[in-house]
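Welcome, and thanks for opening the viewer. Let us take a short walk together, one selection at a time.

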Amino acid sequence: MASKYLDQGRQTKRTRYEYEFADRLDGRRILVAGGGGGLGAAVCGRLMQMGADIVLGYVSDRGRAEDIKDALEEQYGREVYPHRADITSDAGCAVLIDEVDDQAFYGAVVCVGDPSRISPAGYTVETVQTALRVNYTGPILLARGCAEVLAANNQPGAIVLLSSMQGVAPFPGSLLYSGPKSALVHAARILAQEYGGSNNIRVNVVAPGVTESGMALASIASGKYDSFIDDGVIPRFGYPEDIARSVGFLMSADNYITGQTLVVDGGLTLRRGTG
């Protein structure tokens, strides 16, 4: 018996070697939480280049958010809607989720995190819980809330969370940061499992390496990571565009990937210690 799910139109086109690649995001609204940061702003730019309108979530610097809005709207001719919200609180998550609860909403990118660099003497229950809220609890609950909105609206969509190379490989001294970022990777797979299938809501993770932006920029500028290039471990430092391009790929309308982690580190976790 013939499958009722086989797309005969596509099959006919393939006999002529005609293929469909639908990367555009026109008419779709995407939330970028942490869009006021270096990586977040680049992600906003890439998604706007693909046709999306952006809800830009930021925590405190309204002036920077407005500057990003003005610059990106001028470049790409699409709308940016800034909203201040701290997603480490239920109220902050609710602000952003309420803002995107409409039929135009397609998905979310969560670029929120903090490196949590403290001395070994500073490891307390309070500091661990603070790092957990910023790097895991807030991001994953926001992602789940967005998935709930999509499912309730019967809207297929996509969610991408930003982890870190430290969330997929062990780095000494990174306990407060890598632990929550590793938990984020596993939790994203659970969300992908729960909201996939007939809901068709894909959930993936991008794990950046040493990237010339945001939290890593000051360390890069100080020369802290020069040895990675000097020793031939990586060919260069990452660019914000590398991360944004990867997010755009996972958010594209015809993407078939879910429950996966894309490590964008130039091979650092692969070759570390071999230089």
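How much accessible surface does the chain have, and what share of it belongs to carbon and sulfur atoms? The surface comes to about 13,900 Å², and carbon and sulfur atoms account for 52% of it; such areas come from the Shrake-Rupley method with a 1.4 Å probe, and for residues only the protein chains shown count as cover.

Before we go on, a word about the model. It is predicted, so local features need pLDDT of at least 70 and side-chain atom pairs count only at pLDDT 80 or more, while totals for chains, interfaces and linings use all residues. Residues are numbered from 1 along each chain as its sequence is written, and side-chain values use heavy atoms, with hydrogens and water left out.

**The whole chain**

Start with a cartoon view. You will find 10 helices and seven strands, which are DSSP runs numbered from the N terminus (helices are H or I with at least four residues, strands are E with at least two). Along the principal axes, the C-alpha atoms fill a box of roughly 65 × 45 × 40 Å. Of the 275 residues, 46% count as buried; here buried means under 20% relative accessible area, exposed means over 50%, and partly exposed lies in between (1.4 Å probe, protein chains only).

**Stop 1: the start of α1**

Select aspartate 7 and helix α1, residues 8–15. At the start of this helix, a side-chain oxygen of aspartate 7 comes to within 3.1 Å of the backbone nitrogen of glycine 9. After α1 comes tyrosine 17, with a positive phi near 60 degrees.

**Stop 2: glutamate 73**

Now move to helix α3, residues 62–76, and pick glutamate 73. Its side chain makes a polar contact with the side chain of lysine 69 at 2.8 Å. A polar contact is a pair of N or O atoms within 3.5 Å; within protein, one must be able to donate a hydrogen and the other to accept it, and residues adjacent in sequence count only if both atoms are side-chain atoms. An α-helix has 3.6 residues a turn, so residues three or four places apart point the same way. A polar atom of the glutamate 73 side chain also lies 2.9 Å from the backbone nitrogen of valine 80.

**Stop 3: methionine 215**

Which residues does methionine 215 touch, not counting those up to four places away in sequence? Select Gly113, Asp114, Pro115, Arg117 and Tyr177 to see them; contact means heavy atoms within 4.5 Å. Methionine 215 sits in helix α7, residues 214–221, and is partly exposed at 38% relative accessibility.

**Stop 4**

Begin with asparagine 154, in the loop between α5 (125–152) and β5 (157–162). Its phi is positive, about 55 degrees, although it is not a glycine, and it is exposed, with a relative accessible area of 68%.

Next, go to asparagine 200, in the loop between α6 (175–195) and β6 (201–208). Here phi is also positive, near 55 degrees, and the residue is partly exposed at 40%.

Finish at asparagine 255, between α9 (240–251) and β7 (261–264). Is asparagine 255 buried or exposed? It is buried, with a relative accessible area of 10%. Its side chain reaches the backbone nitrogen of isoleucine 257 at 2.7 Å. Leaving aside residues up to four places away in sequence, asparagine 255 touches Arg202, Phe249 and Leu250.
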